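Good morning, and thank you for making time for this presentation.

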Amino acid sequence: MRRKAVEIINFTKKFGDFTAVEDLNLDIYENEIFGLLGPNGSGKTTTLLTIATVYKPTSGDIYVYGHSVTREDYEVRKLVGIAFQEPKAMWIDKAIDLLTWHARIVGYPREEAKRVVREVMELLGLWEHRNKYFYQLSGGTRKKVELAKVLIQKPRIAILDEPTAQVDVLSKHALWDVIKKLRSEGTTVIIATNDMFEAERVCERIAIIYRGKLRALGTISELKDSVPKGDIIEIQVQEELRDREALRELEVFGRVSVNSDMITIYSDKAEEKVVDVIDALRKRGLQVKRIMVKEPSLDDVFTYLTGAKLRE
Amino acid sequence: MIYDFFELTTQAYTVALRDLKRFWQNIYWLAGQVAMNIADLLIFGLIFRGIVRPDLIPDYIRFITPGILCLSIFISSFTIGREVGVELRREVTHYLVSLPITRGALVAGRVLGGVLRGLMYQVGFLILAVLIMTPPTLDKWILILAASIFISVTMSSLSITLVTLTRDFNIQAAIRSLVYFVFFFMSNVFYPERALRARLGPVAPVALYSPVSMAVTIYRYGFGYSTEVDLVFNTAGLLLWSTATVLLAYKLYIRNLRR
Ligand SMILES: Nc1ncnc2c1ncn2[C@@H]1O[C@H](COP(=O)(O)OP(=O)(O)OP(=O)(O)O)[C@@H](O)[C@H]1O
Ligand SMILES: [Mg+2]
């Protein structure tokens, strides 16, 4: 058994009457890179902020190495470092001052702080921006400054809320390497993202949450296997499918999800069914532009679990 | 225990440094404030000097200078509230509460930041007071310093407390003006105790229990304007004010930070 770094138990968070996260149960193990995946507003940030003791649970509790976020928040904060989704800084601070102060407050002596700040800023390509005020930095650069805080801190648990959002493709790859290196130095990493590619590239285990509830949990291959009908038929039609009758007809082949002009059918023995599917659509007067049979990707798992819009 | 205290102090000190540094960044704002405070001193001092009855206040400029000392602390220490307010609106507070420090250290650091702002800003006005009034002896300096510390603790705690009541910038500004009005016009800054008692009647004690009045009374004694002063009442009163407001700031700031 691997040691649990974070234990989320019956965690519920409400804002007024609105339930942002509902009865979440989740274990995150020491030294893994754990992904929290979900569409906008699904409760990722809310969960991460509660682990970082910024929010209090409405009910349930979260334990970080056995310390409760409600009762032993200071103990928890000593173990956790967080890079926020929206970079948090006063606009009149210079990048270097911001990070130097951060280094001091997380415990570095003065000289040591200067050294580590320079090291991390150079690593992330921030050194040339060091004397810019925060408001002068571009969106992606601000995100890097945010990440730099965690790299400076080297916490036992690093929480990264969409660390590569707004970051260009080249930098993204570099940041993923940096994140993996952080893990190899002993840090447990928790990443929130809605970027499937990022999740597949970086995370070892993933939880998919949707509307505040846990929908799936496992390694990437486990999640792919969890799509009950192993094959996927993807059909692009001439125009958006609004016909509920047609949808119902398609459901004899498997679970259906529709996203504008894309129809996805989760099925088995897909090759044999393709002809029937096209037939069924033709009868309904729907022109098929393109049809494809494939193995599920993480995208498909995600769509399968969260995307069946017409059904809800 | 001792280690805990050491830890708390270093953390609070680091937090305070952040606030202090930012204070000096607003150099133009500072210059404007200083100019305004000196203008207050001159206008009140020189104009009222000829208007106010000399048997009530023999020399208005010597009368008003201790009040300006107190005003300078109010102006500078209260800026910490503005800072905290901006942070609350931009959710920079999320960052602050996620740091590996205790909540006590965070609040203590913010208050200390306000105190340091107050004391440093006041230095120039203290020099001015020495020039205008009677230079204090060492024991009086200690008293003056104590009054300055207490009043700046009170003012920064109060500003932090008030700013957490609403996130609306305009309401925050309105509250700040209201506080200024209540504390300065309901005090002995502009008129002497005798006038207060005559005009306000039963409400007069309220003005005299105000922390501003207490600090000004001590300053007047320290700089040799008045001699008959109840030092125990005024120092103890200030101590009480600063303790109460710090506790209030702690409670409200923390409640507001972690939801
Ligand atoms: N402080 C708050 N007050 C009220 N509602 C909130 C607050 N914070 C979050 N919410 C609501 O809670 C839900 C979850 O928000 P959260 O920020 O956790 O989502 P998320 O998964 O991080 O989304 P995104 O991918 O857009 O970052 C949303 O519906 C949001 O509107
Ligand atoms: Mg989010």
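A salt bridge, as the term is used here, is a side-chain nitrogen of Lys or Arg within 4 Å of a carboxyl oxygen of Asp or Glu. Please bear in mind throughout that this is a predicted model.

With that cut-off, consider Arg22(B) and Glu87(B). Their side chains meet in a salt bridge, with an N to O distance of 3.8 Å. Arg22(B) belongs to helix α1 of chain B and Glu87(B) to helix α4 of chain B, so this pair ties together parts that are 65 residues apart in sequence. Are these two residues buried or exposed? Arg22(B) counts as buried, at 2% relative accessibility, and Glu87(B) is buried as well, with a relative accessible area of 0%.

Glu87(B) has another partner. Its side chain also meets that of Arg18(B) in a salt bridge, at 3.2 Å from N to O. Here again distant parts of the chain are linked: Arg18(B) is in helix α1 (residues 2-25) of chain B and Glu87(B) is in helix α4 (residues 79-90) of chain B, 69 residues apart. Both Arg18(B) and Glu87(B) are buried. These residues take part in a network of salt bridges that links Asp93(A), Arg18(B), Asp19(B), Arg22(B), Glu87(B) and Arg110(B).

Over all chains, a search of the whole structure finds 26 salt bridges. One in chain A joins the side chains of Glu22(A) and Lys213(A), at 3.9 Å from N to O. Glu22(A) lies in strand β2 and Lys213(A) in strand β10 (residues 213-219) of chain A, so the pair connects parts that are 191 residues apart in sequence. Glu22(A) is partly exposed, with a relative accessible area of 37%, and for Lys213(A), also partly exposed, the value is 37%.

I now turn to the ligands. Which residues coordinate the magnesium ion, ligand 2? They are Thr45(A), through OG1, and Gln85(A), through OE1, at 1.9 to 2.1 Å. Thr45(A) is partly exposed at 24% relative accessible area, and Gln85(A) is partly exposed at 28%.

Helix α1(A) itself is mostly covered, with 7 of its 8 residues buried. Among the buried ones are Lys44(A), Thr46(A) and Leu48(A). After the helix comes Thr53(A), whose phi is positive, near 65°.

Ligand 1 is surrounded by 15 residues, and the closest are Gly41(A), Lys44(A), Thr45(A), Thr46(A) and Gln85(A). The largest share of this shell, 3 residues, comes from α1(A). A polar side-chain atom of Thr45(A) lies 2.6 Å from an oxygen atom of ligand 1. For an N or O atom in the side chain of Thr46(A), the distance to an oxygen atom of ligand 1 is 2.6 Å, while for Glu162(A) it is 3.1 Å. The protein covers 66% of the 640 Å² of accessible area that ligand 1 has on its own.

Finally, the surface of chain B. A nonpolar patch is formed there by Val34(B), Ile38(B), Leu42(B), Ile43(B), Leu46(B), Ile47(B) and Ile51(B), with about 600 Å² of accessible area together. One of them, Leu42(B), sits in helix α2 (residues 27-51) of chain B and is partly exposed, with a relative accessible area of 42%.

Notes:
Residues numbered from 1 in each chain as written. Chains lettered and ligands numbered in written order. Predicted model: local features only at pLDDT ≥ 70, side-chain atom pairs only at ≥ 80, totals over all residues. Heavy atoms only, no water. Patch = residues over 30% accessible without salt bridge, like charges linked within 9 Å, V, L, I, M, F, W, Y side chains within 5 Å. Areas by Shrake-Rupley, 256 points an atom, 1.4 Å probe, with all protein chains shown as cover. Helix = DSSP H or I, 4+ residues; strand = E, 2+ residues; numbered from the N terminus. Buried < 20%, exposed > 50% of the residue type's maximum accessible area, 1.4 Å probe, protein only. Donors = N, O, S within 2.8 Å, 3.2 Å for Na, K, Ca; no water. Near = heavy atom within 4 Å. Polar contact = N/O pair within 3.5 Å; in protein donor to acceptor, adjacent residues only side chain to side chain.
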